[in-house]
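These are my notes from a first look through the structure. I went element by element and wrote down what I found.

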Amino acid sequence: MTALLKRRYTHLLLAIGCWLLAVGCTSSDVTDSAPGAVEPAADVAVTFDSYLQRTAEGTRATYPDATWGVMDNSKLRATSFGVFAHYTGSSTFDYDAAGNGAVPYNFMWNQQVEYSDDKWTYTPVKYWPNDNREADKDGAMGSQEHSYVSFFGYAPYIAAAELPSTEEEKAAADGIIYMTDNTAAAGKGTGDDKGSYLTYRTNSTFPYDPDDNVDLLWAGKPNCYKMDDAGYGYVNGRVNLLFKHAQSLFTITVQGLFDHADNDDDDIHYSDDRDMYTHILVDKVEVSPLFEEGNMYFAPRPDDATVPYWEMNTSRPGNITVDGAAVNSTISNTYVDGTEKKRWDDTSAATMAASFLHLDDGAGADDALALFKALPKGVSHEEVPLLDRGEYYYMVLPNKDYLALPENSSKKMTVHMVYYVITYDERLELPKEGYPKYFSIVKNDVTATLQTFAFEPNKKYKLRLQPGLTTVKFEVSMVDGWDTPITLNPEVVDWVTVTKEYDVE
């Protein structure tokens, strides 16, 4: 197995505003190649620049080597990137491979582009096709309007010879583990001819942890031609590749809703927060379906030329499960006291008897209140991270293309959440068998189906879990002598899933 396949990388978890694209050059690296600025020779070499998109706060890109840390220009230059290029003559690139894309990449195939002597270089050098109107600035005219070349890049680069060669090596590898050969069709093929792609696999131990997985990048620049107004085919022109993250980032937060339908409900008759004698503790959260392996095509999605197309390997399904001590300690049903323990566990008589809230015979309301006060704050209207790692983001494979397939129309992403609502009440002296006196403990085991949600490449998501609790209210419906029925109108509002997307381009 090569070093690249084993690489780990660090992940900077600071509050930075974008998780977007990733590689290349500072403004000083970019050549201003306005059309007509330099008279081109008859033969103009194809050259490259790659962009590192910046914000005022910096970048969040990472580099797949634990010893090198956060991705920056110098680290990209040390690792290089690969390019696939397709010459399609007078026709533009066909993304779905029904036409021109059906033949193999015929201009560049996994061409390594390295940084050397203050510029990006590669060998053998390729030249722009001259069959354009116009072919140069001296009046030469080609036989057709344009000769198109489309470029698709990925990073970090890996040579075909460095890929695992045996099934045993492949089974143990992660990161980029496979790449179609140079006879595969450009674009996304159909049937047995699936087109050109690489296969990416997550780390087997920590499949969605950014610190333990390769940060795969992708860039596309279709339908370029010599003398393009963008300046690609000029002597001092370059193909500027804007690399984007091929995966998705995903974080989970928790915020309680109390007597309000959602965050826009400003009804003044009810409190925004829970009662002081109630604590809500999260036991477990599961998100599925996710995947641990997929094929990323070098050509873009057929319906969106700005991002790659992913095909999931359904034999390697996965999910994110957050439970035990992994849950934020301020809202968790688990505490660590030498070993992990549940504050409340109703799975058996033994677990209930061993719970944090268990009371010995003879214990009074004051003892119960002391236990209650020792519980963590629990879920409140304050939004907090689900994980005990702060604002932590998982890195997941995009599943939008998989869920959009007609045969998967019934498959949806789901979130399963288990939490306990624990209320202290000194009047509760005859509890349910096995439950402690002076406590009302209600287990909530709910699953939300996210009807339209899916992960897309190069996007950052926040899933806010909102356990919606409505207080039990009383209404006197009739007063007539001694017959005074009191109607109890409990209203249960399931927790609401809120999705926010940050797509900064």
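**Entry 1: Serine 150**

I started with one side chain: that of S150 reaches the backbone nitrogen of N223 at 2.8 Å. The model I am reading is a predicted one. I then looked up where S150 sits, and found it in strand β5. Is S150 buried or exposed? Its relative accessibility is 0%, so S150 counts as buried. I also listed its contacts, leaving aside neighbours within four places in sequence: F84, A85, H86, F93, K221, P222 and N223.

**Entry 2: The sheet that holds β5**

Next I looked for the sheet around β5. I found an open sheet of six strands, in the order β4-β3-β2-β5-β10-β12, with antiparallel pairing. Its edge strands are β4 (119-121) and β12 (244-245), and each of them pairs on one side only.

I followed β2 (residues 81-89) through its pairings. Toward β5 (residues 148-155), I counted seven bridges in the antiparallel sense. One position I checked there is G89, which stands opposite Y148 of β5. Toward β3 (residues 108-116), β2 has four bridges, and these two strands also run antiparallel. V83 has Q111 of β3 as its bridge partner.

How many of the nine residues of β2 are buried? I noted eight, so the strand is largely enclosed by the rest of the structure.

From β3 I went on to β4, where three bridges pair the two strands in the antiparallel sense. E114 stands opposite T121 of β4 in this pairing.

**Entry 3: Strand β13**

I turned to β13 (residues 248-254) and checked burial there. Seven of its seven residues are buried, so this strand is largely enclosed by the rest of the structure. I sorted its side chains by direction: S248, F250, I252 and V254 point one way, while L249, T251 and T253 point the other way. I recalled that side chains in a regular strand alternate between the two faces of the sheet.

Which strands does β13 pair with? I wrote down these three:

- β25 (residues 460-466) pairs with β13 in the parallel sense over six bridges, and F250 stands opposite Y461 of β25.
- β22 (residues 394-396) is joined to β13 by three bridges and runs antiparallel to it; here L249 stands opposite M395.
- β21 (residues 384-385) is joined to β13 by two bridges, again antiparallel, with T253 opposite P385.

An α-helix has 3.6 residues a turn, so residues three or four places apart point the same way.

**Entry 4: Confidence**

Last, I checked how far the prediction can be read. The protein averages a pLDDT of 76, and 73% of the residues score at least 70. Over residues 52-70 the pLDDT is below 50, and this stretch has 73 contacts in the model beyond near neighbours in sequence. I also marked residues 471-505, where pLDDT stays under 50 and the model has 68 contacts beyond four places in sequence. Where pLDDT is low, the predicted coordinates should not be read in detail.

How values were computed
Residues numbered from 1 in each chain as written. Predicted model: local features only at pLDDT ≥ 70, side-chain atom pairs only at ≥ 80, totals over all residues. Heavy atoms only, no water. Buried < 20%, exposed > 50% of the residue type's maximum accessible area, 1.4 Å probe, protein only. Pairing = 2+ DSSP bridges. pLDDT = per-residue confidence, 0-100. Contact = heavy atoms within 4.5 Å. Polar contact = N/O pair within 3.5 Å; in protein donor to acceptor, adjacent residues only side chain to side chain.
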